Amino acid sequence: MSNLLMDVVDWSRAQFALTAMYHWLFVPLTLGLGVIVAIMETAYYRTRDEKWLATTKFWMTLFGVNFAIGVATGIILEFEFGTNWSNYSWFVGDIFGAPLAVEGILAFFMESTFIAVMFFGWKKVSPKFHLAATWLTAIGASLSALWILVANAWMQYPTGVTFNPDTMRNEMTSFLDVACSPMAVSKFFHTVLSAWVLGGAFVVGVSAWMLLRGRNKAHCLRSIKVGAWVGFVGIVVTSITGDSSAVTVAKYQPMKLAAMEGLYDGQREQPIVAFGILNPDKQPGDDRDAYLFDVSIPYGLSLLATHDPQAFVPGINDLIAGRFIDENGDTVATMSYAERMERGRHAQEALARYGELSAAGDRTALEQVRAEIDSNFAHLGYGYLDKPEEAVPNVPLTFYSFHFMVTVGGYLAVFMLVTLVLVYKPKWRAKLKKTRRLGYHLAVWTIPLTYLCSMSGWIVAEVGRQPWTIQDLMPNKVAISDLSAGYVQVTFWIFAVVFTALLIADVSILCRQIAKGSRSDLDKAEH
Amino acid sequence: MGTDRRTKPGPVRRVWRFYRDGFASMTVGRTLWLIIGIKLVVFFVIIKWVFFPDFLSGQSDSDEGKAEYVRGRMTPREGMPQEYIINIKIRTAYE
């Protein structure tokens, strides 16, 4: 029975991961390219140079292809909530419903209205109105993402709610706390600005591909200027918000941070691993070394997590044991996971008693039980764990994804900066004539690399918070519906086929449009 | 004034023509709309209708019934140990 239950959980997680990751192949390009197209059209509006118009229309077509094929792929995730994750959907109450409803309204009314003006309105509305529509499409896409990310951030840091044991639902007490939690703010800027990087890498890479074929040089240079600027601003802000994300994670999800670093036993003045190979045999509580090989930067993790180079950063074993080292170097006992499991089970028992007393109408006893629930509610999820180690996520996957993301992020910062320098300095470009084609190839391969970097970020965020569907309150095995594993497997494979077909359609139509653009003379195009 | 009303189409008609002419002038867009149409049919008619019913609605028609169902899933049930024993060995392993 236990194995079967784990199968359902694993298949449901796999299905959600599959659909979310396919969805995320489309979304960041929409977010990034939307801003780039809006900037290009602004350049056309200001200069009235027909070449900017041709460039704008070329990228707008690619934006349209990606938007059209990606649209509604996210709706599948909502289907899964209602069927596969029904306990979660009920328990989370309106916290998830409100942001998703706002997202739906914004996505439908704002994007569908203004995107039509973008594509159909060139000769029907004034240039100013058209430009406004293009910007509003880009802003609308980011606002849609905001509400999804607010909902996701709440799952990582549930705040602004009160649990109602009568309805078994969380009820929102402060929309502001939910929408503006530090987790939501850093997640929004980190995610949306990383999409700008992807949009920038896409534009630079596609332009480099066209330059390899020796066509439309001026169009490509115009495009690369805008793409590299957006990509550079994006990677700088993504780095800054990555730093604030680390502080937030250290505060609210310390186990995730420990997994990101493969840190088992923390210390004050904790170094950060710049490069490392984990010991695959290492388990929580044993005496093995955590790394087979590592290159560390002194004080790095203390600085990243707390902005204090002296600070203690707890590792996996410290968190399980409830061990903390204060500023004097003394070991301080905090609540261990074993204690949290105990308190979580008290909360569960109180919840069960509350249901019985409620049916019997015993109001006085209900008040007492309610107080018991409230005092233990923060630990509710731990009560479902069979052992403390269950609260440890997949360390290798989180660790390697995090380090891949950071390494590629560093590469992208250098790539965008070098691209900007070269595009503005023709003499420097001339000096690098022999390696030019190599540079173009590098730019093309930067596109898939940026996608992998973006995906790695989501793996860190989502795998790193396991086993929780809602941090500390609800593990996956409780959030899941009572379905058979076979049922979920069937829909998993249906989605795998449908989404793969959509991806093939997306890539093939995009490639066809890019090839068509490279064959036409965009610098002399008449419109 | 009267002449203007007869010759200038109303806002609804203008919006209709805007979309109609827009769709009619599309090239790659027709393929995309075909993909969107097929996708929406597959998502909403086949996948949602056949495979993704609202699970809790299948358990109870009322919100009270759904709440009790979820309470049952989230609280100790028959067959589960009534008293949970924290494994002291596990706890001490980390101390």
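Predicted model: local features only at pLDDT ≥ 70, side-chain atom pairs only at ≥ 80, totals over all residues.
Residues are numbered from 1 along each chain as its sequence is written, and chains are lettered from A and ligands numbered from 1 in the order in which they are written.

Chain A contains 19 helices and ten strands, these being DSSP runs numbered from the N terminus (helices, H or I, of at least four residues; strands, E, of at least two). Its radius of gyration is 25 Å, close to the 24 Å given by the globule rule for 527 residues, so chain A is as compact as a globular protein of that length; the radius is taken over C-alpha atoms, and the rule is 2.2 Å times the number of residues to the power 0.38. The C-alpha trace of chain A spans about 80 × 50 × 40 Å along its principal axes. Chain A is assigned domain 1 (2-253 + 393-519), domain 2 (257-333) and domain 3 (337-388), with bounds that come from an automatic or database domain assignment. The centres of domain 2 and domain 3 of chain A, taken over C-alpha atoms, are separated by 33 Å.

Two packed helices are described by the angle between their axes and the distance between the axes. Here the axes are lines fitted to C-alpha atoms, for helices over the stretch in contact, and angles run from 0 to 180 degrees between N-to-C directions. Helix H13 (residues 337-360) and helix H14 (residues 363-376) of chain A pack at about 155°, with their axes 8 Å apart, and H13(A) and H14(A) are therefore roughly antiparallel to each other (under 35 degrees counts as roughly parallel, over 145 as roughly antiparallel, 65 to 115 as roughly perpendicular and the rest as oblique). Residues that make this contact include Ala347(A), Leu351(A) and Tyr354(A) of H13(A), together with Leu366(A), Val369(A) and Ile373(A) of H14(A), where residues are in contact if their C-beta atoms, placed from the backbone, lie within 7 Å. The contact of H13(A) with H14(A) divides into nine nonpolar, four polar and four charged residues; Ala, Val, Leu, Ile, Met, Phe, Trp, Tyr, Cys and Pro count as nonpolar, Asp, Glu, Lys and Arg as charged, and the others, Gly among them, as polar.

Helix H6 (residues 127-156) and helix H8 (residues 182-212) of chain A pack at an angle of about 135°, with their axes 8 Å apart, which makes H6(A) oblique to H8(A). Among the residues of this contact are Leu146(A) and Leu149(A) of H6(A) and Phe188(A) and Val192(A) of H8(A), and by class the contact has nine nonpolar, four polar and one charged residues.

Two local backbone features lie in loops of chain A. Gln466(A) and Pro467(A) are joined by a cis peptide bond, with omega about 10°, and Pro467(A) is in the loop between helix H17 (436-463) and strand E9 (468-470). Met168(A), a residue other than glycine, has a positive phi near 60° and is found in the loop between strand E1 (161-164) and strand E2 (169-172).

Between the chains, 37 residues of chain B are in contact with 46 residues of chain A. The largest share of the side of chain B that touches chain A, twelve residues, comes from H3(B), and by class that side has 24 nonpolar, four polar and nine charged residues. The axes of helix H19 (residues 485-519) of chain A and H3(B) come within 12 Å and cross at roughly 175°; H19(A) and H3(B) are therefore roughly antiparallel to each other. Their contact includes Ile494(A), Val498(A) and Leu502(A) of H19(A) and Ile35(B), Lys39(B) and Val42(B) of H3(B), and has ten nonpolar, three polar and one charged residues.

Terms used:
Contact = placed C-beta atoms within 7 Å.
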